[in-house]
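Hi,

Here is the structure I promised to pass on. Have a look at it first, and then read my notes below.

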Amino acid sequence: MSMPIVTAEVRSVRDVPLARQRASQVAHLLGFDMHDQTRIATAVSELARNAVQHAGKGIVEFHLETEVPQALQIVVKDSGPGIEDLKGMLNIKRGMTTTAPGSSLRGVRRLMDEFAIETSSETGTRITLTKFRPKALPRVGPKEIGRIAEVLMQRVAEDPLSMMQQQNQELLHTLDELRAQQEERAAHLREIEILNQRLRRAMT
């Protein structure tokens, strides 16, 4: 069962930061940690920007999937010309850069747990994103969704300075996560090198 939470319209590039902000608020109210809040907000921001760039406008819908495990489901849709060669865009090839066609879609797919896309020149593009809530969090029911919707409706758009501060905080968390991953990778490489040295000594 899917329960709607809130919908955001994106009519120009000025609405993209607001869509990102709304995504971050929804993720926070559903109990996601800061890292997941950043992933979700980044994914919505990328797709909202794509909708404006390629279709002129778009709609972002937030839902809660109540089946176990519960999940935040986000639908970003537009009435544009559709995406040509979708399969080619989503196929990662060696040597691809971040400016290659489809890089934003591939990036969004990596940020979320599930990613589905429907596109055609007749109906436009509809992208569905799913991020599962941690199992340790208490279940969210209709009453909680109603309260979350009320909170979101009461909140007004933050001023540009507050929004920039929030995005800077998200970036710092992302950098911390990347730094931890790099340190873990370096530790694995050191362990492999030590094992190789022991193997060479054993063979001599």
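How many salt bridges does a search of the whole structure find? The search finds 7, where a salt bridge is a side-chain nitrogen of Lys or Arg within 4 Å of a carboxyl oxygen of Asp or Glu. Before I go on, two notes on the ground rules. This is a predicted model, so local features need pLDDT of at least 70 and side-chain atom pairs count only at pLDDT 80 or more, while totals for chains, interfaces and linings use all residues. Residues are numbered from 1 along each chain as its sequence is written, and side-chain values use heavy atoms, with hydrogens and water left out.

Now for the helices. (Helices are DSSP runs of H or I with at least four residues, strands are E runs of at least two, and both are numbered from the N terminus.) The axes of α1 (residues 16-29) and α2 (residues 34-55) come within 8 Å and cross at roughly 150°. Axes here are lines fitted to C-alpha atoms over the stretch in contact, with angles from 0 to 180 degrees between N-to-C directions. That crossing makes α1 roughly antiparallel to α2, a label for angles over 145 degrees.

Which residues of α1 meet α2? Among them are Val 16, Ala 19 and Ala 23 in α1, while the α2 side includes Ile 40, Val 44 and Arg 49. Contact means heavy atoms within 4.5 Å.

Back to the salt bridges. In general, side chains of opposite charge can pair when their charged atoms come close. Arg 39 pairs with Asp 36, with the closest N and O atoms 2.7 Å apart. These two are about one helical turn apart, because they sit 3 residues from each other in α2. Asp 36 is buried at 13% relative accessibility (buried is under 20% relative accessible area, exposed over 50%, partly exposed in between, using a 1.4 Å probe and protein chains only).

Arg 49 also forms a salt bridge, with Glu 46, at 3.5 Å between the closest N and O atoms. Both are partly exposed: Arg 49 has a relative accessible area of 37% and Glu 46 has 26%.

Then there's Lys 77 with Glu 61, at 3.0 Å from N to O. Lys 77 lies in strand β3 (residues 71-78) and Glu 61 in strand β2 (residues 58-65), so this pair ties together parts 16 residues apart in sequence. Lys 77 is partly exposed at 27%, whereas Glu 61 is buried at 16%.

Finally, shared partners join Asp 36, Arg 39, Asp 113 and Lys 131 into one salt-bridge network.

Cheers

Conventions
Parallel < 35°, antiparallel > 145°, perpendicular 65-115°, else oblique.
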